[in-house]
Amino acid sequence: MQRGSDRLSVHRDDEMKHELRGLLQSGHPTRTEEWHDPEPVADDDPAVAGGTQSVREAPLATVRLELARILGRTSFPAGPQQLARTLRRNHAPDALVEPLEHLPHKARYANVQQLAEAITRPA
């Protein structure tokens, strides 16, 4: 049932759907201005930040770099709960935050190196 407020007829509407179907299903951007499109992951982005690798599988240097970039020097010394809160507040990927939840609650870490070693250590 039509409400009468449509700008196009039912036939023209179906024609336009058919014309756009290939464009919409192609997987390519449909916008004319590229600033609307999300930026792809860069080649030099660490795999942990992109979510493509778990922290336990990642090299220690990569995990340490990501933690240092997000936490900075002022976060230490601290326990895993405090560090997890800081990571979440700084919008860290879940792949970095979740391993801190499995660390002993009474543990204290003096720097990023100690923290990175603790979360990359095999279980």
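## A tour around helix H4

Select helix H4 and find its buried residues: Pro 80, Leu 83, Ala 84, Thr 86 and Leu 87. Now look down the axis of H4. Those buried residues fall within an arc of 160°, so they line one face of the helix. Remember as you look that this is a predicted model.

Turn to the other side of H4. Select Arg 85 and Arg 89, which are exposed there.

Next, step past the end of H4. His 91 follows the helix, and its phi is positive, near 60°.

**Zoom out**

Show the whole protein chain. How many helices and strands does it have? Count six helices and zero strands. Along the sequence, the pattern reads α-α-α-α-α-α.

Colour the buried residues. They make up 27% of the 123 residues in the protein chain.

**Helix H3**

Select residues 60-71. This is helix H3, with twelve residues. Its first C-alpha and its last are 16 Å apart, close to the 16 Å expected at 1.5 Å a residue.

Which residues of H3 are buried? Pick out Thr 62, Val 63, Glu 66, Leu 67, Ile 70 and Leu 71. View H3 down its axis. The buried residues of H3 fall within an arc of 140°, so they line one face of the helix.

Gly 72 takes a positive phi of about 75°.

Two packed helices are described by the angle between their axes and the distance between the axes. Keep both in mind for the next stop.

Show H3 together with H4 (residues 80-89). Their axes come within 9 Å and cross at roughly 75°. Angles of 65 to 115 degrees count as roughly perpendicular, so H3 is roughly perpendicular to H4.

Which residues make the contact? On H3, select Leu 67, Ile 70 and Leu 71. On H4, select Leu 83, Thr 86 and Leu 87. Colour this set by residue type. You will find five nonpolar residues, one polar and no charged.

End by leaving Leu 83, Thr 86 and Leu 87 on display. They belong to the contact with H3, and they are among the buried residues of H4 where the tour began.

Technical notes:
Residues are numbered from 1 along each chain as its sequence is written. This is a predicted model: local features need pLDDT of at least 70, side-chain atom pairs count only at pLDDT 80 or more; totals for chains, interfaces and linings use all residues. Side-chain values use heavy atoms; hydrogens and water are left out. Helices (H or I, at least four residues) and strands (E, at least two) are DSSP runs, numbered from the N terminus. The expected span of a helix is 1.5 Å times one less than its number of residues. Buried means under 20% relative accessible area, exposed over 50%, partly exposed in between (1.4 Å probe, protein chains only). The arc is that of the directions from the helix axis to the C-beta atoms. Axes are lines fitted to C-alpha atoms, for helices over the stretch in contact, and angles run from 0 to 180 degrees between N-to-C directions. Angles under 35 degrees count as roughly parallel, over 145 as roughly antiparallel, 65 to 115 as roughly perpendicular and the rest as oblique. Contact means heavy atoms within 4.5 Å. Ala, Val, Leu, Ile, Met, Phe, Trp, Tyr, Cys and Pro count as nonpolar, Asp, Glu, Lys and Arg as charged, and the others, Gly among them, as polar.
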